[in-house]
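Visitor: Could you take me through this structure, one topic at a time?
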Amino acid sequence: MTRLTLTANYDASPQQVWAQLADLASHPEWMTDAGGILFVGDQTSGVGTRMRVPTRIGPLRTEDLMTVVEWEEGRLLGVRHTGAVSGVGRFEIRPTAVGTDLHWNETLRFPWWLAGSVGAWLARPVLKRVWRGNLRRLGERLAVSDP
């Protein structure tokens, strides 16, 4: 199992950050590891939303099955991963005096055929680098969005 926590600070309002996070269909535009999003059913937001996400990091390809398990408008988005790599992920928005902090936490379990806990340990720096890039691209989107 591996746990990762990343934080980014944006010169944008919490509402602007939430607008980007809540638009689940647009996540592949700033998340390079997400190859697309296919919603399972008609629901596209809120608790219970289910998605199939082709995921790629380097040579690794898998399909991530995700279910939104937390959705607090303007503040919190949490998902459960039930694909080959399982676990939970959570985005939490915190207003600051000059903008917004976004905290991204992931707890992931790798299957035996991806070397289990050893694979998770080896993947940690790679995931951290990829996700830092994702947060940077999200910041670029926020910089050009309307206030």
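Guide: The conversation below covers helix packing, aromatic rings and a few individual residues.

Visitor: What kind of model is this?
Guide: This is a predicted model, in which local features need pLDDT of at least 70, side-chain atom pairs count only at pLDDT 80 or more, and totals for chains, interfaces and linings use all residues. Residues are numbered from 1 along each chain as its sequence is written, and side-chain values use heavy atoms, with hydrogens and water left out.

Visitor: At what angle do the axes of H1 and H2 cross?
Guide: The axes of helix H1 (residues 14-22) and helix H2 (residues 116-144) cross at roughly 120° and come within 10 Å. That makes H1 oblique to H2. Helices (H or I, at least four residues) and strands (E, at least two) are DSSP runs numbered from the N terminus. Axes are lines fitted to C-alpha atoms, for helices over the stretch in contact, and angles run from 0 to 180 degrees between N-to-C directions. Angles under 35 degrees count as roughly parallel, over 145 as roughly antiparallel, 65 to 115 as roughly perpendicular and the rest as oblique.

Visitor: Which residues of H1 and H2 meet?
Guide: From H1, Gln-16, Val-17 and Gln-20 meet Leu-138, Arg-141 and Leu-142 of H2, where contact means heavy atoms within 4.5 Å.

Visitor: Is H1 largely enclosed or exposed?
Guide: H1 is largely enclosed by the rest of the structure, because seven of its nine residues are buried. Buried means under 20% relative accessible area, exposed over 50%, and partly exposed in between (1.4 Å probe, protein chains only). The buried residues are Pro-14, Gln-16, Val-17, Trp-18, Gln-20, Leu-21 and Ala-22.

Visitor: What do the buried residues of H1 pack against?
Guide: They pack against strand E1 (2-10), strand E4 (60-72), strand E5 (76-82), E6, E7 and H2.

Visitor: Changing topic, how many aromatic pairs are there?
Guide: A search of the whole structure finds four aromatic pairs. In one of them, the rings of Phe-91 and Trp-104 have centres 4.8 Å apart and planes at 35°, so the pair is tilted. Rings of Phe, Tyr and Trp (its six-membered ring) pair if their centres lie within 6.5 Å; planes under 30 degrees apart count as stacked, over 60 as edge-to-face and the rest as tilted.

Visitor: Where do Phe-91 and Trp-104 lie?
Guide: Phe-91 lies in strand E6 (residues 86-95) and Trp-104 in strand E7 (residues 100-109), so the pair ties together parts that are 13 residues apart in sequence. Both Phe-91 and Trp-104 are buried.

Visitor: Which residues form the aromatic cluster?
Guide: Trp-30, Phe-91, Trp-104 and Trp-131 form one aromatic cluster.

Visitor: And Asn-105, what does it touch?
Guide: Not counting residues up to four places away in sequence, Asn-105 touches Leu-4, Thr-5, Val-88, Gly-89 and Arg-90. Asn-105 is found in strand E7 and counts as partly exposed, at 26% relative accessibility. The C-alpha atoms of Asn-105 and Gly-89, 16 residues apart along the chain, are separated by 5.6 Å.

Visitor: Is Gly-89 buried or exposed?
Guide: Gly-89, in strand E6, is buried, with a relative accessible area of 6%. Leaving aside neighbours within four places in sequence, Gly-89 is in contact with Leu-77, Gly-78, Val-79, His-81, Asn-105 and Glu-106.

Visitor: Finally, where is Phe-39?
Guide: Phe-39 is in strand E2 (residues 38-39). Beyond residues up to four places away in sequence, Phe-39 touches Leu-24, Ala-25, Thr-44, Thr-49, Arg-50 and Met-51.
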